[in-house]
Amino acid sequence: MNEDLEVNLTWLPRDHLEAGSTENVSAAVTSLVPVGDPEPEFIVNPWDIVLCTSGTLISCENAVVVLIIFHNPSLRAPMFLLIGSLALADLLAGIGLIFNFILAYFLQSEVTKLVTMGLIVASFSASVCSLLAITVDRYLSLYYALTYNSERTVTFTYVMLVLLWGASICIGLLPIMGWNCLHDESTCSVIRPLTKNNAAVLSVSFLLMFALMLQLYIQICKIVMRHAHQIALQHHFLATSHYVTTRKGVSTLAIILGTFAACWMPFTLYSLIADYTYPSIYTYATLLPATYNSIINPVIYAFRNQEIQKALWLICCGCIPSNLSARARSPSDV
């Protein structure tokens, strides 16, 4: 018992040790002082539990959307293909968060860390790109209303899907192919093992896509207001009815874009200004809202859709409510 006690902390996630949380390490060392036989205490970061729980909810919710679209032959229009792409990307992101938790605490290795991080980066990239593709599709469906339902639109949708998934997979492969900071910690970003340059490229790309989405939604608002005004004139609606319809459409677009910005903007800006030396609690606090976007996406883009609602009702109870089947689409449904 006079031998020096060697404490093995390799079971702790590396990023937790490097974040400057000396209290956790000292507590772990104190708890390992043997009374009889030394028994290492298993420490789990509460933030990791929250992320894993978020990933589980994301996976379950988006799996429902993927199954509905996959098993319903009537949901093959370009809009549903893009919604399915978004749900699939979010589903993979949720699975990546679950795997990241499991592998970080039970199977630590450089290979598993790189593969898991590549899956998470590729999935969230595909999710954001799918949101941009949905925005483009909505703009085209309003701007080219007469020719939208054509073979050209279907072809264009498949091209967008191939490009966005191809680009996302390539981005996810970068850490695996060597663009990581495992052997040079001075280049690490707030998310290890991504490099600072890698995180900066992803953040700038997000800001550019957000700016494009903002511009497209501004154009969509103008089109919605013009269509609502034309319909009001044709049916001799009151000005109040036109105002209510237009306000509802603009409010819907504001909620969609505002939710997206609120979820992703904090982490994006933080990734640009911070690096691995910053406390890990800031990374968790900004990353967690970004995962919430994948929880909210099915509610905004899938479950609000009338056709998906019908398919869900058929699966759950084998019937379609009369008020749902009789509901007509209005200019505010954007």
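**Exercise 1. State which helices supply at least two residues each to the lining of the largest cavity, and describe that cavity.**

Solution. α3 (46–71), α4 (78–106) and α9 (280–302) each give at least two lining residues. Helices here are DSSP runs (H or I, at least four residues), numbered from the N terminus. The model is predicted: local features need pLDDT of at least 70 and side-chain atom pairs pLDDT 80 or more, while totals for chains, interfaces and linings use all residues. Residues are numbered from 1 along each chain as its sequence is written, and side-chain values use heavy atoms, with hydrogens and water left out.

A cavity is a set of points on a 1 Å grid over the protein atoms alone where a 1.4 Å probe fits but cannot get out, and lining residues have an atom within 4 Å of a point. The lining consists of Asn62, Val65, Ile83, Leu86, Ala87, Asp90, Asn297, Pro298, Tyr301 and Ala302. By class it has 7 nonpolar, 2 polar and 1 charged; Ala, Val, Leu, Ile, Met, Phe, Trp, Tyr, Cys and Pro count as nonpolar, Asp, Glu, Lys and Arg as charged, and the others, Gly among them, as polar.

**Exercise 2. Count the cavities of 30 Å³ or more and describe the second largest cavity.**

Solution. The count is 2. The second largest cavity holds about 30 Å³. Its lining is made of Asp48, Leu51, Cys52, Leu97, Asn100 and Phe101. Two or more of these residues come from each of α3 and α4. The division is 4 nonpolar, 1 polar and 1 charged.

**Exercise 3. Count the aromatic pairs and classify the pair of phenylalanine 101 and tyrosine 105.**

Solution. Rings of Phe, Tyr and Trp (its six-membered ring) pair if their centres lie within 6.5 Å; planes under 30 degrees apart are stacked, over 60 edge-to-face, and the rest tilted. There are 10 aromatic pairs. Phenylalanine 101 and tyrosine 105 have ring centres 5.1 Å apart and planes at 50°, so this pair is tilted. The two residues are 4 apart in helix α4, and therefore about one helical turn separates them. Both phenylalanine 101 and tyrosine 105 are buried (under 20% relative accessible area; exposed is over 50%, partly exposed in between, with a 1.4 Å probe and protein chains only).

**Exercise 4. Classify the pair of tyrosine 143 and tyrosine 144 by its geometry.**

Solution. The centres are 4.8 Å apart and the planes at 80°, an edge-to-face arrangement. Tyrosine 143 has 46% relative accessibility and so is partly exposed. Tyrosine 144, at 42%, is also partly exposed.

Methods. 1 Å grid on protein atoms, 1.4 Å probe; cavity = no way out; pocket = protein on both sides within 12 Å on 5 of 7 lines; lining within 4 Å. Points joined across faces, edges and corners; volume = space filled by probe spheres on them.
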